[in-house]
Amino acid sequence: MMRLPYFRYVAPRTVRETADLLAANANDVMLMAGGTDVLPNMKRRQQVPGTLVGLRQVAELKGITNGDGLRIGAGITLAELVEQLKMSNRAYSALRQAAVQVATPHLRNVGTIGGNLCLDTRCNYYDQNYEWRKAVNFCMKKDGDTCWVATSSPKCLAVSSTDTAPALVALGATVTLVSAEKTRKIALADLYRNDGIHYLTRQPNEILTAIDVPRLDGWRSTYWKLRRRGSFDFPVLSIAAAIKLAPDGAVETARIVLGSVASRPIDVPEAASSLVGWRLTDEAIARASARAAVPARPMDNTDFTLAWRKRVTRDFVTYALRELRGDDMTKLRRSVARQSL
């Protein structure tokens, strides 16, 4: 049995109180909302904070408002988000599809959207218990100095495995970060670095309090996920795509984002821009899919072979764009889930 290390638990009731706690000792404090990522990491001694700050009682972090776009409190559970988005317009489909594919219903009932956006990066060498990691010699991400995925790499190559981040980046979302000194708003895409250790630009004394998704009239979006187990698992490849069509069916604007192929979600503007001005014909989709696969450089640090994962990037972008075109992809979605089992 893996046991939690000793820690102090604090449960503030306001964002201000939380910010003050972080300001006092940010280097030995971790935030916890649902705990579905932090607590297993602590059991494996990947993270050993002296103090855990529980966010469940912070009412300011909860709630969804639908005015000029969506404003989502970072403390909203994934299950609540899925339920709230049931009646939303087609523009936000990618977010609902991503959220409903996170883990299991039990974990979605406690895991939050803020926690999923800040999910720790993953790697086959890092996500093992303490004794296993000690036996093979610790990796660069925790307690060691070598990346065992690529031993000559100067940085950690642990992979981003958040489902909701690629979807929200494709939707042009922004996030609000609050500290005791200031509040700042940044594009969600700017929250991430392509570094397996320092994968967030959020400072240790900041709290992610809200996600804002702009009003997207005339847009449609989708999210596709490859995983080992079709019932639940972390993604080993994900594709989020969003487009806006002109009255004649030509693409006015498009965004394509790859997940789980690097330490951050990867926007592929070259692929998206190749669609602009064109109808979503098979030829246009093939061209965009080929371009989207170019920056996908998966490493041998997660499930399936890396060569195959790169090859199917093109296929999954094709599936996403065909769905946005209006093709019925229901059977193919089910087939992908079955083949992942």
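## Gly34 and Met32, around strand β2

Gly34 sits in the loop that runs between β2 (residues 29-32) and α2. The model you are looking at is a predicted one, and in it Gly34 is buried, with a relative accessible area of 17%. Along the chain, Gly34 and Arg56 are 22 residues apart, and their C-alpha atoms are separated by 7.6 Å. Arg56 is also one of the contacts of Gly34 once neighbours within four places in sequence are set aside; the others are Val110, Gly111 and Thr112.

Met32 belongs to strand β2 itself. Is Met32 buried or exposed? Its relative accessibility is 11%, so Met32 counts as buried, the cut-off being under 20%. Leaving out neighbours within four places in sequence, Met32 is in contact with Tyr9, Leu39, Leu52, Val53, Gly54 and Leu55. Thr112, which touches Gly34, lies 80 residues from Met32 in sequence, and the C-alpha atoms of Met32 and Thr112 are 9.8 Å apart in space.

## Two residues with a positive phi

Most residues other than glycine have a negative phi. Here are two places to check the backbone. Arg45 is not a glycine, yet its phi is positive, at about 60°. You will find Arg45 in the loop between α2 (38-43) and β3 (51-54), where a relative accessibility of 26% makes it partly exposed.

Asn137 is the other example to look up: this residue is not a glycine either, and its phi is positive at about 85°. Where is Asn137 found? It is in the loop between α7 (130-136) and α8 (164-170). With 47% relative accessibility, Asn137 counts as partly exposed.

## Cysteines without a disulfide

How many disulfides does a search of the whole structure find? The count is zero. Cys139 is buried, at 8% relative accessibility.

## How α10 packs on α11

Two packed helices are described by the angle between their axes and the distance between the axes. For helix α10 (residues 282-293) and helix α11 (residues 306-325), the angle is about 140° and the axes are 8 Å apart. The crossing of α10 past α11 is right-handed.

On the α10 side, the contact is made by Asp282, Ile285, Ala288, Ser289, Ala290, Ala292 and Ala293. From α11 come Lys310, Thr313, Arg314, Val317, Thr318, Leu321, Arg322 and Arg325. Sorted by type, the residues of this contact are seven nonpolar, three polar and five charged.

## Two buried loop residues

Leu85 lies in the loop between α3 (78-84) and α4 (93-100). At 4% relative accessibility, this leucine counts as buried. Which residues does Leu85 contact, leaving aside its neighbours within four places in sequence? They are Leu70, Tyr92, Leu95 and Arg96. Leu95 is ten residues from Leu85 in sequence, and 8.3 Å separates their C-alpha atoms in space.

Pro265 can be found in the loop between β11 (251-259) and β12 (266-267). Pro265 is buried too, with a relative accessible area of 5%. Not counting residues up to four places away in sequence, Pro265 touches Ser160, Ala165, Pro166, Tyr192, Val257 and Leu258.

Methods: Residues are numbered from 1 along each chain as its sequence is written. This is a predicted model: local features need pLDDT of at least 70, side-chain atom pairs count only at pLDDT 80 or more; totals for chains, interfaces and linings use all residues. Side-chain values use heavy atoms; hydrogens and water are left out. A disulfide is a pair of cysteine sulfur atoms within 2.5 Å. Buried means under 20% relative accessible area, exposed over 50%, partly exposed in between (1.4 Å probe, protein chains only). Axes are lines fitted to C-alpha atoms, for helices over the stretch in contact, and angles run from 0 to 180 degrees between N-to-C directions. Helices (H or I, at least four residues) and strands (E, at least two) are DSSP runs, numbered from the N terminus. A crossing is left-handed if the near helix is turned anticlockwise from the far one by less than a right angle, and right-handed if clockwise. Contact means heavy atoms within 4.5 Å. Ala, Val, Leu, Ile, Met, Phe, Trp, Tyr, Cys and Pro count as nonpolar, Asp, Glu, Lys and Arg as charged, and the others, Gly among them, as polar.
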